[in-house]
Amino acid sequence: MKSVFDYLEETVLQFPEKEAVYDGRQGYTFRELLGISQKVGSILTSMCRRRSPVPVFMEKRAETMEVLRFYRMQMKPEDYLYGMFTSGSTGIPKLVTVSGGAAVEFAEEFISTFSFLPQDVIGNQAPFDFDDSVKDLLVSVFCGSRLVLIPSVMFATPPALLDYLCENQVAEGLWKV
C-alpha cells in the first residue's frame, strides 16, 4: 500500500513547479514541499525511536505539511498517521486515532467520489486540529491540487474572505461548521 509520502513523490514528478500550498504569507511548490519534508523527516528520524508516535504541534501554516516524509520512513500502514481530540459526547475529551492505511484508503475513495483534479484550487478553512482538515491536505497531495489555507481571521470579515477566495482562485471548498 502506498503512503501519503509516496503520493507526494508521484505528484512532484507530475507537477514539480506547481504551487502546492499557500497560507496567505508563504507558498511552496510541490518540489519545495518534498525537499523541506525530507529535511524535517531526516531530523525526526535521527531523534526518534523507530515506529513510535511523534506529536507535532504547529500553527495552521504551509510549513505544517513538512512532516509527511517522517511518516513514510518510520511507519507501516497499520500505524497511526494522526490523532485528534474530540469534545466527546460525554463532555470528556477523547483521542481518536487514524492509521496511515485508513487515511490513504479514505482519501482515494473521497477523490474518486468527488472527481478532484490537479487544476482544482481547494480552500481549507478547518483548523488542523479538526479532522476535516485532513481531507483538504490529502486531496492536495494525492491529486496535485493547490491548497489555499484560509486564515481564520478572514471569517470575521466576509468581504475580505470573498476577496481572498477570488484572489486565490479558490473553486473548491470542503466547508465545515
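Some ground rules. The model is predicted, so I use local features only at pLDDT of at least 70 and side-chain atom pairs only at pLDDT 80 or more, while totals for chains, interfaces and linings use all residues. Residues are numbered from 1 along each chain as its sequence is written, and side-chain values use heavy atoms, with hydrogens and water left out.

Let me start with charge. Side chains of opposite charge can pair when their charged atoms come close. For a salt bridge, the cut-off is a side-chain nitrogen of Lys or Arg within 4 Å of a carboxyl oxygen of Asp or Glu. How many salt bridges does the structure hold? There are 4, and I will go through some of them.

One of them joins glutamate 10 and lysine 2, with 3.0 Å from N to O. On exposure, buried means under 20% relative accessible area, exposed means over 50%, and partly exposed is in between, using a 1.4 Å probe and protein chains only. Glutamate 10 is partly exposed at 32%, and lysine 2 is partly exposed at 33%.

Next, glutamate 17 and arginine 31, whose closest N and O atoms are 2.6 Å apart. Glutamate 17 is exposed, at 52% relative accessible area, whereas arginine 31 is partly exposed, at 46%.

Then there is arginine 146 with glutamate 19, where the closest N and O atoms are 2.6 Å apart. This pair links distant parts of the chain, 127 residues apart: arginine 146 belongs to strand β6 (residues 146-149) and glutamate 19 to strand β1. Is arginine 146 buried or exposed? Arginine 146 is buried, with a relative accessible area of 15%.

Now the backbone. Most residues other than glycine have a negative phi. Serine 115 has a positive phi, near 55°, and sits in the loop between α4 (100-114) and β5 (121-124). Glutamine 169, also not a glycine, has a positive phi of about 55°. Glutamine 169 lies in the loop between α6 (158-167) and β7 (172-173) and is exposed, with a relative accessible area of 61%.

Methods
Helices (H or I, at least four residues) and strands (E, at least two) are DSSP runs, numbered from the N terminus.
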